Amino acid sequence: MDYQQIIDKYYPEDNRLRDIYMTHSTLVMKRAVRICDHHPELNLDRRFIIEAAMLHDIGIFKCDAPGIQCFGKAPYLTHGRIGAELLRAEGLPKHARVCERHTGAGITKEEILRLNLPLPPQDFLPETMEEKVICYADKFYSKTRPEQEKTIEQAEQSLQRFGEAGLERFKSWERLFE
């Protein structure tokens, strides 16, 4: 599977959205690979991490987020589910799981119901170590300022507004990956 062909299929134009997408995904991928390389004891699938990190946000173009040049109709929160559907259609179910489980530090069924989120009522939590690494790495880069790396404290702060459970998951990954 060539992840670049999939990116080119959904982001064919050389424009600001593709720049944002590529910058963000590349930085997430590099941080995830760094974790992979520094923790051989975790037996991570490095090739999969590269591919899935580059594809984890593939669904953003269908979302309504004009601040990052996304002019679709779907709520931004659904970009992971949208990306998962695209990647399942491409025959990549493992990569699709990364898409739908990377938002925040994962989202529980309880949170979806309590907050009335526009997602199916089920758990979308990273389960495999590779899913956790990519979800973790993603928290250090926003798409509004794609080149700027957040500190651990800033990443924690951005998660804190969504509740303690996600923040605690992130902190457990900190202890494992840093």
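In this predicted model, helix H7 is mostly covered, with eight of its ten residues buried. The buried set consists of Glu130, Glu131, Val133, Ile134, Cys135, Tyr136, Ala137 and Asp138. The cover over these residues of H7 is drawn from several parts of the chain and includes H2, H3, H5, H8 and H9.

Helix H5 spans residues 93-101 and helix H7 spans residues 129-138, and their axes come within 10 Å, crossing at roughly 40 degrees. Angles under 35 degrees would count as roughly parallel, and H5 and H7 are therefore oblique to each other. Their crossing is right-handed. On the H5 side the contact is made by Arg97, Val98 and Arg101, and on the H7 side by Glu131, Ile134 and Cys135. Sorted by class, the residues of this contact comprise three nonpolar and three charged, with no polar ones. The H7 residues that take part, Glu131, Ile134 and Cys135, also belong to the buried set of that helix.

Helix H8 (residues 152-160) meets helix H9 (residues 164-177) at an angle of about 155 degrees, and their axes lie 8 Å apart. With an angle over 145 degrees counting as roughly antiparallel, the pair H8 and H9 is therefore roughly antiparallel. From H8, the contact draws on Ile152, Ala155, Glu156, Leu159 and Gln160, while H9 supplies Glu164, Gly166, Leu167, Phe170, Lys171 and Glu174. This contact of H8 with H9 has five nonpolar, four charged and two polar residues.

Helix H3 is another well-covered element. Seven of the ten residues of H3 are buried, so this helix is largely enclosed by the rest of the structure. Those residues are Phe48, Ile49, Glu51, Ala52, Ala53, Met54 and Leu55. Among the elements that cover them are H1, H2, H4, H5 and H7. Arg47, also found in helix H3, makes a friendly contrast: its relative accessibility is 57%, and Arg47 therefore counts as exposed, the cut-off for that class being over 50%. In sequence Arg47 is 14 residues from Val33, and their C-alpha atoms are 9.0 Å apart in space.

What does the pattern of burial look like in helix H1 (residues 3-10)? Its buried residues are Ile6, Ile7 and Tyr10. Seen down the axis of H1, these buried residues fall within an arc of 100 degrees, so they line one face of the helix. An α-helix has 3.6 residues a turn, so residues three or four places apart point the same way. The face of H1 turned away from the buried side carries Gln5 and Lys9, both exposed. Over the buried residues of H1, the cover includes helix H2 (16-38), helix H3 (46-55) and helix H4 (79-89).

Asn43, in the loop between H2 and H3, has a positive phi of about 50 degrees although it is not a glycine. With a relative accessibility of 66%, Asn43 counts as exposed. A positive phi is also found at Asn116, another residue other than glycine, where the value is near 55 degrees. Asn116 sits in the loop between helix H6 (109-114) and H7. The relative accessible area of Asn116 is 68%, and this residue is exposed.

A further loop residue, Tyr76, is placed between strand S2 (70-71) and H4. Is Tyr76 buried, exposed or partly exposed? Its relative accessible area is 25%, and Tyr76 is therefore partly exposed, given that buried means under 20% and exposed over 50%. Leaving aside neighbours within four places in sequence, Tyr76 is in contact with Ile60, Cys63, Ala65, Ile68 and Lys143. The C-alpha atoms of Tyr76 and Lys62 are separated by 8.5 Å, and the two residues are 14 apart along the chain.

How values were computed:
Residues are numbered from 1 along each chain as its sequence is written. This is a predicted model: local features need pLDDT of at least 70, side-chain atom pairs count only at pLDDT 80 or more; totals for chains, interfaces and linings use all residues. Side-chain values use heavy atoms; hydrogens and water are left out. Axes are lines fitted to C-alpha atoms, for helices over the stretch in contact, and angles run from 0 to 180 degrees between N-to-C directions. Helices (H or I, at least four residues) and strands (E, at least two) are DSSP runs, numbered from the N terminus. Angles under 35 degrees count as roughly parallel, over 145 as roughly antiparallel, 65 to 115 as roughly perpendicular and the rest as oblique. A crossing is left-handed if the near helix is turned anticlockwise from the far one by less than a right angle, and right-handed if clockwise. Contact means heavy atoms within 4.5 Å. Ala, Val, Leu, Ile, Met, Phe, Trp, Tyr, Cys and Pro count as nonpolar, Asp, Glu, Lys and Arg as charged, and the others, Gly among them, as polar. Buried means under 20% relative accessible area, exposed over 50%, partly exposed in between (1.4 Å probe, protein chains only). The arc is that of the directions from the helix axis to the C-beta atoms.
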